[in-house]
Amino acid sequence: RRLRTYQLASGGFSYWPEKMLADPWASTYAGLFLNEAKSAGYSVPEDMLSSWKRYEQKAVYASVIRSDEDYMIQAFRLYVLALAQSPDLSAMNRLKELPTKSETAEWLLAATYYLSGKPEAGDDLSKKLSPNIPMYFENYNTYGSNYRDAALVLISLLHKKDVAASDKLASNLTAVLRSKDWLSTQTTSFMLIALSRHYT
């Protein structure tokens, strides 16, 4: 009921209740939560999910990719749509051909290919990528950090079924969670998703 106050008529989500504009990252983040909850057996209203999915499918084709941030948002959007069993292979292929400096976004796109039953395309992307993320933190745009990105890399490695690399990365992330380091909400949530998938 509370989440409904963040969803707009467009199907997208805002960061605050009763705002007029949907936020691209927040919308996909909320969609990830809804789909994770549904897959875990919770009752998720179908109208919320279907409205969200329509919003994301329109956003896929309305988005103009001008920056690494745009690439990251689109890769995340396509990944969550694939999780919702609505992969868009043509949009994935178009994004794959665009240049980006964001290896995390490319890891996400690789995960989307694996999830969509296209492992060759996923391997083509991931074979040139490093699982090591440089230290950084941002409290705007996609709210990224090196630990958040490492969790996304772990998710991709799990889809790839790279046991050795995922074991190593999961061990590192587990140590971070056990530490007293401050972690943002987004970083913590993605780490918990990745580690819960790894250990189950």
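Guide: First a term: helices (H or I, at least four residues) and strands (E, at least two) are DSSP runs, numbered from the N terminus. This is a predicted model, where local features need pLDDT of at least 70, side-chain atom pairs count only at pLDDT 80 or more, and totals for chains, interfaces and linings use all residues. Residues are numbered from 1 along each chain as its sequence is written, and side-chain values use heavy atoms, with hydrogens and water left out.

Visitor: OK, where is Q74 found?
Guide: Q74 sits in helix α3, residues 68-83.

Visitor: Buried or exposed?
Guide: Q74 is buried, at a relative accessible area of 6%. Buried means under 20% relative accessible area, exposed over 50%, partly exposed in between (1.4 Å probe, protein chains only).

Visitor: And what does Q74 touch?
Guide: Leaving out residues up to four places away in sequence, Q74 touches A59, V60, S63, I65 and L95. Contact means heavy atoms within 4.5 Å.

Visitor: New topic: which residue forms a salt bridge with R197?
Guide: That's E36, with the closest N and O atoms 2.2 Å apart. A salt bridge is a side-chain nitrogen of Lys or Arg within 4 Å of a carboxyl oxygen of Asp or Glu.

Visitor: Where do R197 and E36 lie?
Guide: R197 lies in helix α9 (residues 185-198) and E36 in helix α1 (residues 24-39), so the pair ties together parts 161 residues apart in sequence. R197 is partly exposed at 23% relative accessibility, and E36 is partly exposed at 21%.
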